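Here is a friendly walk through the model shown below.

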Amino acid sequence: MGKIYSSISELAGHTPLLELKGYERELKLQARILAKLEFYNPNQNVKDRIAVHMIEEAERSGRLKKGDTIVDTTSGNTGIGLAAVAASKGYRCRIYMQAGVSSERTKSIEVFGGEVVDQGSIPEVVEAVAAAQGDYFAGVKALVEKVLVKEEHLVFLNQSGNPDNPRTHELTTGPEIWEDTDGEVDYFVAGVGTGGTITGVGRFLKEKKPEIKIIGVQPGPRETEGQPMPKAEEITGIHKYAGVPKEWVPKVLDTSVIDERMDISEEDSVRTARRLALTDGICVGKSSGTALYAATLLAARPENRGKTFVVLLPDSGLRYFSDGLFA
Ligand code: PMP
């Protein structure tokens, strides 16, 4: 029979590129902005890709077996993808969530039978983070070494340290962009969380076209020369990777693929996500606004006239209604 899929794992990826004609027109941009619409994934975000690949690689290596519980730490999207794929393959799933993410995310994990644990409710994690001046990864280390060790049959996928995360993007997202643009792409712009997306796509595209520019976007504000990096504004899914202690930089992020860093404010991110809904009928989350605003600033530079930008928009805006993103 024609084209019938047999599991949600087969539905991850193959997302469309859309030229944001309305947005380009409204802002009088002299460059093309192509949006990689990751809300076309089965759970409406980019993390479905790594959920499938990390789980299937763990199965292949024999690390993940029937009866195991899949575990990870996340600000939400990875947890949704993992819980869904776990459900479809018959595993249990437990997600340790960061504070301050929208209630839609917790609910979405629970819909798939996933268990959600607030990282802030675990004294070992809270103490470790406080002792390390807010270092998130100190909390993850305490979680693994002091909490998860007490149980058997847990498989910690560790998206921030798992090479299968960037590898997913090197195998899927990068090649899709290359094929859909016929190689006519000058810039790739993406927000940085774990760094899996920028590292994998960056590696693939640079291999194909060394002169391409890879832009890593982090939450503002930007530091002033000679001053320490200020605390990052809250933009779900992305974090500061530059100007922070090196322990805070995720292991999977390869900063050598990044040509330029942009620091974008929460206000500009929100304004851009709202604008895009009105110019092109596309409803995306806050970090999509962040990446798109960064691309907009670059596209407005005179030397970038006529250039083609691919901007990765990680998720749907529908999971941000309770956050007031579109209030
Ligand atoms: N935006 C959102 C909404 C996300 O959930 C994530 C993943 N944390 C990102 C951006 C960044 O993606 P990556 O982890 O691949 O850097």
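## Around the ligand

Sixteen is the number to begin with: of the 16 residues around the ligand, those that come nearest are Lys-47, Gly-193, Thr-194, Thr-197 and Ser-287. A residue is taken as near a molecule or strand if one of its heavy atoms lies within 4 Å of it. This is a predicted model, in which local features need pLDDT of at least 70 and side-chain atom pairs count only at pLDDT 80 or more, while totals for chains, interfaces and linings use all residues. Residues are numbered from 1 along each chain as its sequence is written, and side-chain values use heavy atoms, with hydrogens and water left out. By class, the shell around the ligand holds four nonpolar, ten polar and two charged residues. In this scheme Ala, Val, Leu, Ile, Met, Phe, Trp, Tyr, Cys and Pro count as nonpolar, Asp, Glu, Lys and Arg as charged, and the others, Gly among them, as polar.

Which atoms of the ligand pair up with Lys-47, Gly-237 and Ser-287? An oxygen atom of the ligand is 2.8 Å from an N or O atom in the Lys-47 side chain. A nitrogen atom of the ligand is 3.0 Å from a polar backbone atom of Gly-237, and a nitrogen atom of the ligand also lies 2.6 Å from a polar side-chain atom of Ser-287. The protein covers 97% of the 390 Å² of accessible area that the ligand has on its own. A polar contact here is a pair of N or O atoms within 3.5 Å; within protein, one must be able to donate a hydrogen and the other to accept it, and residues adjacent in sequence count only if both atoms are side-chain atoms. Accessible areas come from the Shrake-Rupley method with a 1.4 Å probe, and for residues only the protein chains shown count as cover.

Asn-45 sits in the loop between β2 and α2. Is Asn-45 buried or exposed? At 0% relative accessibility, Asn-45 counts as buried. For these labels, buried means under 20% relative accessible area, exposed over 50%, and partly exposed in between (1.4 Å probe, protein chains only).

Gln-44 is in the loop between β2 and α2 (47-60) too. Gln-44 has a positive phi of about 60 degrees although it is not a glycine, and its relative accessibility of 29% makes it partly exposed.

How is β10 (residues 308-313) placed? Six of its six residues are buried. Thr-308, Val-310 and Leu-312 lie on one side, with Phe-309, Val-311 and Leu-313 on the other. In a regular strand the side chains alternate between the two faces of the sheet.

β10 pairs in the parallel sense with β2 (residues 32-37) over six bridges, and Leu-37 stands opposite Leu-313. β10 also pairs in the parallel sense with β7 (residues 187-191), over three bridges, where Phe-188 stands opposite Val-310. Two strands pair if DSSP finds at least two bridges between them. β7 in turn pairs with β8 in the parallel sense over five bridges, and Gly-191 stands opposite Val-217 in β8. Six of the seven residues of β8 are buried, so β8 is largely enclosed by the rest of the structure.

## Loops and backbone details

A cis peptide bond joins Gly-220 and Pro-221, with omega about -5 degrees. Pro-221 is found in the loop between β8 (213-219) and β9 (260-264).

His-14, in the segment before β1 (17-19), has a positive phi of about 55 degrees although it is not a glycine. His-14 is exposed, at 65% relative accessible area. Asp-182, in the loop between α8 (173-180) and β7, is exposed as well, at 66%. The C-alpha atoms of Asp-182 and Thr-69 are separated by 41 Å, and these residues are 113 apart along the chain.

## The whole chain

The protein chain has eleven helices and ten strands. Its radius of gyration is 19 Å, close to the 20 Å that the globule rule gives for 327 residues, so the chain is as compact as a globular protein of that length. That radius is taken over C-alpha atoms, and the globule rule is 2.2 Å times the number of residues to the power 0.38. Helices (H or I, at least four residues) and strands (E, at least two) are DSSP runs, numbered from the N terminus.

Of the 327 residues, 55% count as buried.
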